[in-house]
Amino acid sequence: MAEGVKPYRLYRGGRSKGRVPLDRRSRPDRTPPAAPTPPRRRRWGLWVALGVVGLLVFVVVWGLLGYISFSHGVAKANRRLPPGTRAQLAKQDGSLFSSPTTILVMGTDGGSERGRATDHRSDSLLLLHTDPSKHQLSYLSIPRDLRVDIPGYGPAKVNAASQIGGPALTLETVHALTGLPIQHVMVVNFDGFKELIDALGGVEVNVPRPILSNKFDCPYPPATCARWKGWRFPKGPQHMDGLRALVYSRIRENQLNPADTDISRAGRQQQVADAVGAKVASFGTFLRLPFIGGSIAAPVATDLSAWQLAQLGWVRFRADSSQSLHCRLGGDPQTLGGQSYLIGSEDNVAVISMFLRRSAPLPPAKGTLYGPGCTRG
């Protein structure tokens, strides 16, 4: 080998400035893949469940507070019922939730107005019959001038029973007249009637025809009352406070319709009674019950307990108003001994059967102002 010759090649050269390039060939990645992150679940179901539970707790607590307030008022109403009244009541079989029940509602003409302090005549007598299994209510009005036999006192107007012997004698008289067992009674005078409706915030009543009443209980000064023509009620649905509802129930003459008489006002009284029942059983009243519970029961005298009244409210809430029966007893007007009476007719027996839904309802005969009968809805 020649001198100076090396057994290998010598490469000379340089490289550009910078980092030394590395030849990294792809190698299989043996690192196990990371588990995928699960999507974040929205807990709608949990929030809905908590909301439902919270609502139920609120309803129970609110209902309990309302019931306590209501029961305090009912306790006072129970104490106001005159002694001896309960003895005239028939036994309640079962609860009002399930058993048919008949209740006598008495509206007396007493009050704080001048001349009414000693009045205790029944200005309104209304029987309410409930049939919870069929969700049906029936109303039966007894005209205050109906001539009846008052036990122990003889013939007289039915409203005199209350003046003579209070609710106890009235219960005995109505039972003798109708033959119906009466399980409960509610009594309210004019002042209490207004207070009850005002405590509820008024009621909604659909007036079937325009009314211009005769002059009674003028709300204006004497000079204005001299020009006043009477109470006016336009046709159609309207909101009534306690005073307007009381006046509407008491109207005995309609100057715009001679067919409106003392007996036809029974329909207006039933309208107001039904409106009160609907308002008591409404959801709005439930929301206000902790504040107004005592005021609702305060104006009334009754044997019904707070729990029984709550049952009655539920029965009214579930009742089908379109199937309600509105009945009245009737007769022929006569004057005896200088007093005007309504002499009951034999058709009253048939009306009681209709009231109990044992026979088909028939309206009062056409052309009769004082005829008995029943209408539906």
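Trainee: Is the disulfide of Cys218 and Cys225 left-handed or right-handed?

Mentor: A disulfide is a pair of cysteine sulfur atoms within 2.5 Å, and here the torsion about the S-S bond of Cys218 and Cys225 is about -95 degrees, so the disulfide is left-handed. Bear in mind that this is a predicted model, in which local features need pLDDT of at least 70 and side-chain atom pairs count only at pLDDT 80 or more, while totals for chains, interfaces and linings use all residues. Residues are numbered from 1 along each chain as its sequence is written, and side-chain values use heavy atoms, with hydrogens and water left out.

Trainee: How far apart are the sulfur atoms of Cys218 and Cys225, and how many disulfides does a search of the whole structure find?

Mentor: The sulfur atoms of Cys218 and Cys225 are 1.9 Å apart, and the search finds two disulfides. In the other pair, Cys327 and Cys374, the sulfur atoms are 2.1 Å apart, and the torsion about the S-S bond is about 115 degrees, so that disulfide is right-handed. Cys327 lies in strand S12 (residues 325-328) and Cys374 in strand S15 (residues 373-376), so the bond ties together parts that are 47 residues apart in sequence; strands are DSSP runs of E with at least two residues, helices runs of H or I with at least four, numbered from the N terminus.

Trainee: Which of these cysteines are buried?

Mentor: Buried means under 20% relative accessible area, exposed over 50%, and partly exposed in between, with a 1.4 Å probe and protein chains only. Cys225 is buried at 17%, as are Cys327 and Cys374, whereas Cys218 is partly exposed at 27%.

Trainee: What is the phi of Asp217, and where is this residue placed?

Mentor: Most residues other than glycine have a negative phi. Asp217, although not a glycine, has a positive phi of about 50 degrees, and its place is in the loop between strand S8 (211-212) and helix H4 (222-227). Arg357 also has a positive phi, near 65 degrees, and is found in the loop between helix H9 (347-355) and S15.

Trainee: At what angle do helices H3 and H5 pack?

Mentor: Axes are lines fitted to C-alpha atoms, for helices over the stretch in contact, and angles run from 0 to 180 degrees between N-to-C directions. Helix H3 (residues 190-199) and helix H5 (residues 242-250) pack at about 130 degrees, with their axes 8 Å apart.
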